[in-house]
Each structure stands twice: as C-alpha cells, then as structure tokens.
Amino acid sequence: MSYKFQEIRLDKGMYGETGRSFAQVLEALDPSESYRGTPYEGLDAYQRQLKRFDIRVRGAGSDRVEKFFNTTESAVLFPEYVSRSVKTGMEEGDVLKSIAATVTRFDGMDYRSIYSTPAEDDKRLKYVAEGSEIPTTEVKVSSNLVSLKKRGRMLVASYEAIRFQRLDLFSVMLRQIGNEIARMHLEDAINVIENGDGNDNAAAAYSVGDSSIGGTAGTLTYDALLAFWNSFSPYTMNTLLVAPDVMLQLLKCEEFQNPLTGLNFQGTGELANPLGAKLIRTAALPAGELIGLDKGYALEMVSAGDVAVEYDRLIDRQLERAAITSISGFAKLYPEASAVLRV
C-alpha cells in the first residue's frame, strides 16, 4: 500500500515559507488526520519522513549522523532534527513555564503589552447599591515597547568529525545547547522581574534586616520569609526562585526539615515548603537573592517563533559555523505580583 508521505518532494525551500515552520509545511502537505487507523497513526508528518528514509534517531540502535545525507531529500530533514533536539533540551531545563502567566506568540522584534495597576481603593470589594457607579479596573497599553532578544549558540563541528557519531549521542550535545539557551531566557526574565520592562514597573525589593522584614542581614530565617510572604497581599506568593546559596539556608531552617518534605523530595525531586510555594533553585539569580511571585499574574513571555537554525548550512554539511537561535522577551503584568528579597 502506498502512502502520501512517500511521494512528497523535499527541498530546502520548505524552511523559507513566511509564517510557517518546516514541520507546519510538511503537515499541510501530509495531514496526520489521514493516517487514523494505519500503522502510522500517532506520528506527525516529520516523523513519517524519518520512517520513509529509515532514519532512527533514538535508542541504542540509532543511526549515524551521515544517514541523513544519503540522499539530497533526506538531508533536508537534518535541520528539523537539530531544531527538535534543541527544543527538547530547552524544555528539560525550562523554568519559564513555572513563572510565566501566559505565553504570547509574536512575529516581530518590538512588542507592546498591556497592564493594569489598580489603586488601593480599587482593590477593595465594595457593595454596589442600585443605581450607583460600579468600580472600574482600567487596562492600559504599555508606554514603552518590550524588546525581544535573540539568544543562541553557534554549532561548531566539522561534518567529518560527527558523521560517524550515533544520532542518540549527538542529540545529547544538542539538548545541552537547548538547556543553555533556556537559561539565557531565564536570565532575561529575572532581569525584567527585578528591574521592570521599561515601563516603570520594577519589583519591590526587600532586605533581611530592614524594618519590613526584620532579622539579621546575611541570615535567612523562617520569620523573615513569613514577613516576605505577607507582603504579597492581595496576591499569593506561590513560586520562589532561589539562588543556590539561599536555598541552602532555606533547607537548614527547622520548618523545612519536616519528614514529609524529605520523603517528597526523595520520591519526586520536588521541594515543598511550609508556605505552599514551589521552590526553584537557579544559578541565574545572583548570590544572596530570592524572588517571590504569583505565577498567575506576574509575567508575560513573548516568543517570536520556534528555534531557528541555519538550514542552508546544515543541509550543505557546513556545520563549522551554524547558528541556533531563539527569540523571546518578557513583560510585567501586575508589578505587585512579584518581589525580591536580598538576604
């Protein structure tokens, strides 16, 4: 039996279509819906092309890199393999999904977000009498644009050096590149949380030892953390980004040494805490800092497309200087939904 995916002509021009990725172009030519009830159900259009050319990218029996270059058509699949491997690495080390309230897809480099900064009187729940004016919540367009930043890595490897390497091993290298790109985006997000997105909306900053937090500078106590937690009303501090040195101080607090917390960490790798916030350790934060935020209201992530690779160079086996990039930016939604604590 002949299937449509076996007849598609692949060429590098499929990467250059405006507004559509290579995978989307393939899917339009070879819809997955057509394969219901067949042995290829559950595969997307790209995975069916790997089957067509008998390229195995995973497992101990994975093929060598050179398998992609057996024909001019199968070589067209290589940039998408690189892109997917990098995206997998970005997702493995992705903290952004735990701190972004929403992700906006945007085709451009300068983005204008919206925000709302209600006054104290607007936050109160008021009784609305018949005929009286209903309290308002004003949503505004940001005064300044949010600039998106391109982050990436240069893939430097000769074809001769990698042609005999197994794809499963090469994927590990590419996933690490994705992990590094994700960390760059996280550093951008942290900078926006702390300093604002250019619209005068920097996060409130507290220090252990000041009048609002109390305690002794340099030492993080549970009492200081409670005072920080209490500063979030009416928002809920449900996520904590913590520098490694501060994480050590947190875990040494008596309140964090509950046996159930230890069992949960050993069983799932997730650290719970008495305040109910998700703890995320990251070296992207400066030493001595932690960021508290209400994940549902603090930050908007703006993404300009998928991971981009220099497909021409990869298809032509010119891996020596092939750029892998991702473009993202961040906007503050509710400034009071995030705050910084310096120990």
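A salt bridge is taken here as a side-chain nitrogen of Lys or Arg within 4 Å of a carboxyl oxygen of Asp or Glu. By this criterion, a search of the whole structure, a predicted model, finds 20 salt bridges.

**View A. Buried face of helix α1.** Helix α1 spans residues 22-29, and its residues Phe22, Ala23, Val25 and Leu26 are buried. Seen down the axis of α1, the buried residues fall within an arc of 160°, so they line one face of the helix. These buried residues pack against α2 (45-52) and α4 (78-92).

**View B. Salt bridge between Asp316 and Lys12.** The two side chains, of Asp316 and Lys12, meet at 3.4 Å, N to O. Asp316 lies in the loop between α11 (311-315) and β13 (322-332), and Lys12 in the segment before α1, so the pair ties together parts that are 304 residues apart in sequence. Asp316 is partly exposed, at 39% relative accessibility; Lys12 is also partly exposed, at 31%.

View C. Glu80 and Arg84 form a salt bridge through their side chains (2.8 Å, N to O). Both residues belong to α4 and are 4 residues apart, about one turn of the helix. Glu80 is buried, with a relative accessible area of 7%, whereas Arg84 is partly exposed at 24%.

**View D. Salt bridge between Lys149 and Asp188.** The side chains of Lys149 and Asp188 meet at 4.0 Å, N to O. This pair links distant parts of the chain, 39 residues apart: Lys149 is in strand β6 (residues 149-155) and Asp188 in helix α7 (residues 167-195). Lys149 is partly exposed at 37% relative accessibility, while Asp188 is buried at 9%.

Definitions and conventions:
Residues numbered from 1 in each chain as written. Predicted model: local features only at pLDDT ≥ 70, side-chain atom pairs only at ≥ 80, totals over all residues. Heavy atoms only, no water. Buried < 20%, exposed > 50% of the residue type's maximum accessible area, 1.4 Å probe, protein only. Helix = DSSP H or I, 4+ residues; strand = E, 2+ residues; numbered from the N terminus. Arc of directions from axis to C-beta. Contact = heavy atoms within 4.5 Å.
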